[in-house]
Amino acid sequence: MAYFAKSPWVIHYDASSCNGCDIEVLAALCPGFDAERFGVINTGNPKHADIFLVTGSVNEQNISVVKEIYEQMLEPKVVVACGICACSGGIFHDCYNVIGGVDQAIPVDVYAPGCAVRPEAIIDAVVEAVGILEEKRAAMKNGKEA
Amino acid sequence: MALIGFLILFPLLVAGVLLLVGNETARRVIVCSSAVIIGFGSVWLVLANLGTPWVGIEFSSGAIDIVCTLIGLVIAAVILCFGVKYKNVLACVLAVVQVVGSLVFDVFVAHGIEVQYGLYLDSLTLVTTFIIGVVGSGICIYALGYMEDFQAHEPADAKDRRPKFFALMFLFLSAMYVIVFSNNLLWMFTGWEITTVCSFLLIGYTKTPEAINNAFRQIIMNLAGGIGFLVALFAIALTMDTLSLVEFIAVGVMAPALVALPAVALAFAGITKAAQMPFHTWLLGAMVAPTPTSALLHSSTMVKAGVFLLIKLSPIFLVCPVAAVMTILVGGLTFLLCSFMAISQTNAKRVLAYSTIANLGLIVACAGVGTPEAVWAATFLVLFHAVAKSLLFLCVGTAEHHIGSRDIEDMDLMFERMPRLARFMMAGIMIMFVAPFGMLIAKWGTLVSFADTGNVALILILGFGSAATFLFWAKWLGKLSGIAAHPLNVETTVHRSEWIALMVMAVLSMLCCVGLPVLSTFLVEPYIFDVFGVCSQGVSQANLWVAALLSAVVFVVLFGGLGSKQVKQVPVYLAGVSENNANRTFRNSLSGETMATSRNWYMEGVFGEPKITPVGVWATSIIIVVGFCAAIATLCGLL
Amino acid sequence: MYLIPIIVGTIAFAVLAPVVGCLLAGLDRKLSARMQGRVGPPILQPYYDVRKLLEKDRAAVNNVEGTYITCALVFAILAGGIFFGGGNLLLSVFVLTLSSLFFILAAYCTRSPYSEVGAAREALQIMAEEPMSLFIAVAFFLATGSFDSCAAFGLEIPAIGATWIAFLGFLFILTIKMRKSPFDLSYSHHAHQELVKGVTTEMSGRTLAKVEVMHWCENVLALGWIGLFFVWGNPVSLVVAVVAALAAFFLEILIDNNFARVKWQLMLKSAWAVALVAGGINIAVLMYL
């Protein structure tokens, strides 16, 4: 059964965002959009989370943090880059310290561009992510059986 | 009943031999073999007399009375000698008072009184015999290895005083046997005083100023208790013309007013011996002694003599309100306040000491209540406390020699540093405070008996005291169970004799927990039936079986299943970048390395000693003074 | 013969309590959402969560954490079985404490800073609520003459009549037992807190699923306690008991949504004060009047 689709728990990490996208991530979880309708919970703990929402670009300071959070999440897991900075570095892409989008540090599954990214776009991305989560679970299961 | 005589005299003989033997190997052989003999002797006595009612043994001898007087003189001489040497006036004065009092008593009062049944045997005696014989001699074996390490930690030119140490340990056992087998109160008193002076010498063993100081505190408090005992002897002999414990109790049950004073005085003696507030400080001070001493004093002997006497007196407490109220209040308050203070302690031995005092308080309160259910609970508390607490003391002693500290915070990661020891310790701790293990089942019986007798204050005390007990044991248990950093296993160098003793204690504690219903039927209930004529226990047999079954399950998990399952291991969450996750270090805001550490809670602002001790000391002192006044008033009213 | 009802009760509890507890947890989330002006997740959401957790990869920070949690779950179910099997109330309280101890140990053994702080607070919470749990059992004993929960069925009038003061005290500590705000010190379902997830920080996948099921069982048991005081020798009383339990549950959700977390000092002092006053007065009244 598709339990991952019904219970996507997220963790949000602000890499080096200007806070614009962070506000929108929280807005998506707030009563106005009520993401909990779909079972979304903001866990704040990588060991509990299934979906990793990253805002902002990756730089020399935080790349190891992003990597560690990702590594501490248990399989199956999905990464969503929220906002254009997380997707590609955005307007900061050629700053001296910026490495680039989140995909420079960890594999990203869903890109949700925008400056700032709209809550609708985030929810859309999470729905997309849930599908990938299910695929990964199926792959994991098959891998185990094989 | 040659076996009883053997149990009293054999340790005495061994003590004498050990005093003369300086050779390490010879001592090893003697201690081990005689401990085994004493242990088997005790077990044999218990098994041969299982379920026995009160059996008096016709035995009286003027010679022994004279020996008792002589022993009294020797004891006084020893105390005076040390008192003069270390210029402790109070100890000298008390010793003189006591020796003069007992001489007067022996010559003028006790002279014409003959006790037909000098020795006796009943099921409570069997329980205590078992504890002394098995736990006590187990501790003696443990002491072999421990004292070797202890001597190694001493300066090289220090005199090896171990012969004296082991002689005292065995003398102690002999004195304890005298206390539990004597129906003649005069003999019992002699045993009582021997234990006092032995523990004085054992506490002062290291001869540091602190040890000497604490030893004198112990002797002063226990001499005061001894004088209380003497007052009781005078009162009993003068008003009842007997010195037989069983006759005294029988008369007491008939004429409560007549025995008010001796009952209060004996209760006072028991309270000092059992280290109840305001006399609890001697037991805390006794922690400076080598660990086997602490284990011997706190689990199997010394303090158990105090509660043994009180439990014996419980039929009197049931009908004599003056003595009962004093005993209940002192015991109850001690249980509550010492449980609180245990929360604030980081030193493992002090936690054990406070927990000992608290549990003895509960036993004292139960004895004071005096109903069959309460005595049932008290007997189990004595038994489980003895086995589990000695296990814990021995574990702490071994841990101290191998991790170099007795601080609970330093016992971090014991689960991997000393895996076997940590599991023993965890079992011991669990037995002390959580169901379905013995101590808590006994507490359960206590609660039921308090509810039955309509004792609101005691129910409240028990509720809050038990809650505090949970916290201080649970956090210690938590510290032990931590797993991180793959530390080196340091328990490979533990002496074999220590392992043997630890193993004996651990197996014994677990067997007691699992065999709870059987123990109840064959060991404790016969005593209840014998004394009260009814068979009554606070916890039904079916519930005891449930508890026994659950205990077995937990032990299997603890020693069998724990850690055997292999799982994929992942690092812990440190909310940032780990530097060395196994050691719990992370990169801090200055790109440096910080270790994530956490200490347990000690809540000194709420449960600290300076806040609670004065309250307890004042309250219990007032209660005791009022108790004595009321007893004297009762006696005067009668006359 | 006493054991048979307990065994039957345990089996029944093991099957039914997770179902009921799961539905209650779903109801809790739905009601909370409505109180906050949201739609909220489906009633079966907790079930989906647990099923998902079971499918996650299996990994732990050490080899023993899972064993401790299994013990905690088993003993929680047993405590429920003893209670609903008509067994001894004190035994049920004690076995539940044992379960909590294993839960605490599971957190301590990880030696993760957040878990450890959570475990310490959890131990403190148990210390805060335990006196009242004992006193309510004693009050029940004084009112009915027995510590067995089945004694309630032999009553003419429900036990609440004689024990309402202690019952109010129990309602107070029920918030601690159910780990609701303002007493959710050790961990809570609400996101973003200083403790990450407190006790459960290091638990994941299957282990976390067991913890969830354990909480369901604990909640059912806690509500069973509420119901016990509304039962008397009439089958209709069972309906009354269920209604009372549900009312108490609603009250807890209401409190959860209206209070901020307090500091431990306030929790300990208030819980003990309530236990002393409510428990003490009620027991004294039952004994002496």
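Of the 146 residues in chain A of this predicted model, 54% are buried. The secondary structure of chain A consists of 5 helices and 7 strands, and from the N terminus on these elements follow the order α-β-α-β-β-β-α-β-α-β-β-α. The radius of gyration of chain A is 15 Å, close to the 15 Å given by the globule rule for 146 residues, so chain A is as compact as a globular protein of that length. Taken along the principal axes, the C-alpha atoms of chain A fill a box of roughly 45 × 40 × 20 Å. Among the contacts in chain A with a separation of 6 or more, 81% are between residues 24 or more positions apart.

Two pairings of β3(A) were examined. Strand β1 (residues 9-14) of chain A is joined to β3(A) by 5 bridges, and the two strands run parallel. Within this pairing, Tyr13(A) has Val54(A) in β3(A) as its bridge partner. Strand β5 (residues 78-82) of chain A also pairs with β3(A) in the parallel sense, over 5 bridges. Here the bridge partner of Leu53(A) is Val80(A) in β5(A).

The contact between chain A and chain C takes 20 residues from chain A and 25 residues from chain C. On the chain A side, α1 (3-6) and β2 (41-42) each supply at least two residues. The largest share comes from α1(A), with 3 residues. By class, the side of chain A that touches chain C has 6 nonpolar, 7 polar and 7 charged residues.

Chain B has a mean pLDDT of 88, with 99% of its residues at 70 or more. Confidence within chain B is lowest in helix α12 (residues 291-300), where the mean is 80. The highest value belongs to helix α14 (residues 321-343) of chain B, at 93. Chain B contains 25 helices and 5 strands. Its radius of gyration is 24 Å, close to the 26 Å that the globule rule gives for 639 residues, so chain B is as compact as a globular protein of that length. The C-alpha trace of chain B spans about 85 × 60 × 45 Å along its principal axes. Buried residues account for 61% of the 639 residues in chain B. Of the contacts in chain B between residues at least 6 apart in sequence, 82% join residues at least 24 apart.

An open sheet of 3 strands in chain B has the order β3-β4-β5, with antiparallel pairing. The edges are formed by β3 (578-580) and β5 (593-595) of chain B, each with a single partner strand, so one side of each is left without a neighbour in the sheet. From one strand to the next, the twist averages 40°. β3(B) and strand β4 (residues 585-587) of chain B run antiparallel and are joined by 2 bridges. In this pairing, Ser578(B) stands opposite Phe586(B) in β4(B).

Contact between chains B and C involves 47 residues of chain B and 54 residues of chain C. The elements giving two or more residues to the chain B side are α19 (438-453), α20 (456-481) and α23 (541-561) of chain B. Of these, α20(B) gives the most, with 15 residues. The side of chain B that touches chain C divides into 30 nonpolar, 13 polar and 4 charged residues.

In chain C, Lys263(C) is located in the loop between α8 (236-258) and α9 (264-288). Lys263(C) has 10 C-beta neighbours inside 10 Å and therefore counts as exposed, the cut-off for this class being 12 or fewer. The C-alpha atom of Lys263(C) is separated by 8.8 Å from that of Pro182(C), a residue 81 positions away along the chain.

Note on methods
Residues are numbered from 1 along each chain as its sequence is written. Chains are lettered from A and ligands numbered from 1 in the order in which they are written. This is a predicted model: local features need pLDDT of at least 70, side-chain atom pairs count only at pLDDT 80 or more; totals for chains, interfaces and linings use all residues. pLDDT is the predictor's confidence in each residue, from 0 to 100. Helices (H or I, at least four residues) and strands (E, at least two) are DSSP runs, numbered from the N terminus. Two residues are in contact if their C-beta atoms, placed from the backbone, lie within 7 Å. Ala, Val, Leu, Ile, Met, Phe, Trp, Tyr, Cys and Pro count as nonpolar, Asp, Glu, Lys and Arg as charged, and the others, Gly among them, as polar. The radius of gyration is taken over C-alpha atoms; the globule rule is 2.2 Å times the number of residues to the power 0.38. A residue is buried if 20 or more other C-beta atoms lie within 10 Å of its own, exposed if 12 or fewer, and partly exposed in between; C-beta atoms are placed from the backbone. Two strands pair if DSSP finds at least two bridges between them. Axes are lines fitted to C-alpha atoms, for helices over the stretch in contact, and angles run from 0 to 180 degrees between N-to-C directions.
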